Amino acid sequence: MKKIKFGIIGCSKIADRSLLPAIINSDFAELEMIGSRDIEKAKKFANKFKCKNFGTYDEVIDGKNIDAVYISVPTGLHQEWAEKAAKSGKHVLCEKTAVTSYSHAKEVISIVKKNKTRIMESFMFQFHPQHIKLKEIIAKKDFGKSFIFSGMYGFPPISKLDIRYNAELGGGALNETGCYPIYASRMIFDEEPISVSFNLFNDLKNNVDVKGHGNIEFSNSKKAFIGFSFENQYQANYKIWGEKGIVELKRAYAVPPDFSPTIELVVSDKKSQIKIEPTDHFKNMINIFCQEIQKNEKDSINFEEDLLNQAKLLEAIRESSKRNTIINLSDIH
């Protein structure tokens, strides 16, 4: 299997801290070119990561040796560059939240399919082995049927000059932090929800949501309670309440590659802890993405459907808050 050559669109903090090192350390990927609106910044990144090629976003898109692009520009610009990349025959790994609406998601996927490329939304945490272990635990008979998912993700106040306070650029806590436990609820219950009831709370000056909470209804009485913010004490967790047990991840989403997360488990009043070996979930994601886009057989991981389902759910959540009512997912078209 050849190495996938990546072009980078956007010299963001997450690209610097996590994605570029993951590409470099992957056996399946190779860093080919770095692009930025600021050529000096692109050059600085290129020097740091020993990448010989750098330039503008368009130069990355037009790069003949590039197989895939990683997009980490502000959320409001994701659609534009994802579509340009797909039209130029490049596969796309796009930072979350991939799009700002369900209609935009459908437009992007249509262009991706038309050009026979792939697109994946970068929810890297799903590839950490702690989630696999947790799902094994809740699948056992002694845990019983899962009933409630409770997930929180947020951090203390950030500067209001930050792009996450810019509505035009797709800012807001739902796109930044809420999307994580929301995605995790879908991942753990392994199904798509029926309805949602949510409240988003806006910063009136900037007109972006800075926190929110709500419920996601799944089949067979299962429900997810979700809370998120960038105006509260840091937490990044989720908990599953089953018939006979409770299992919790205290560090569920942003896990450093040298950190050993712990699964806390209570089954029939017996408490235990399971320590998970450190791993780089960004590297795991890169490896899976690269292997998947080179498969000739029927896709085993449907990145595109996953992106659409997440976008549809976020759309329902926005609509629920706007109309102050329960929204059925079947009503989102």
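Okay, let's start with a term: buried means under 20% relative accessible area, exposed is over 50%, and partly exposed is in between, with a 1.4 Å probe and protein chains only as cover. What we have here is a predicted model, where local features need pLDDT of at least 70, side-chain atom pairs count only at pLDDT 80 or more, and totals for chains, interfaces and linings use all residues. Residues are numbered from 1 along each chain as its sequence is written, and side-chain values use heavy atoms, with hydrogens and water left out.

First up, helix H2. Helices (H or I, at least four residues) and strands (E, at least two) are DSSP runs, numbered from the N terminus. Which residues of H2 are buried? In this helix, residues 39-48, they are Ala42, Phe45 and Ala46. They sit on the same side of H2, because they cover an arc of only 100° around the axis, taking the directions from the helix axis to the C-beta atoms.

Turn to the face of H2 away from the buried side, and you find the exposed residues Glu40, Lys44, Asn47 and Lys48. And what covers the buried ones? The cover includes helix H1 (13-25), strand S2 (29-35) and strand S3 (54-55). At the N-terminal end, Asp38 caps H2, with a side-chain oxygen 3.0 Å from the backbone nitrogen of Glu40. After H2 comes Lys50, with a positive phi near 55°.

Next, Asn237, in strand S11 (residues 235-242). Is Asn237 buried or exposed? Buried, at a relative accessible area of 12%. Its side chain makes a polar contact of 2.8 Å with that of Gln235. By polar contact I mean a pair of N or O atoms within 3.5 Å; within protein, one must be able to donate a hydrogen and the other to accept it, and residues adjacent in sequence count only if both atoms are side-chain atoms. Contact as such just means heavy atoms within 4.5 Å. Not counting residues up to four places away in sequence, Asn237 touches Ser150, Gly151, Met152, Leu249, Lys250, Ala252 and Tyr253.

Over to another asparagine. Asn215 belongs to strand S9 (residues 208-217), and at 28% relative accessibility this residue is partly exposed. Its C-alpha atom is 9.3 Å from that of Ile317, 102 residues apart along the chain. Leaving aside neighbours within four places in sequence, the contacts of Asn215 include Ser195, Phe198 and Lys223.

Lys223 pairs with Glu217 at 3.2 Å, N to O; Lys223 is partly exposed at 22%, and Glu217 is partly exposed at 26%. Arg186 and Glu192 meet at 2.8 Å, N to O, with Arg186 buried at 5% and Glu192 partly exposed at 36%. Then there's Glu248 with Lys250, at 3.8 Å, N to O: Glu248 is buried at 13%, while Lys250 is partly exposed at 47%.

Notes:
Salt bridge = Lys/Arg side-chain N within 4 Å of Asp/Glu carboxyl O.
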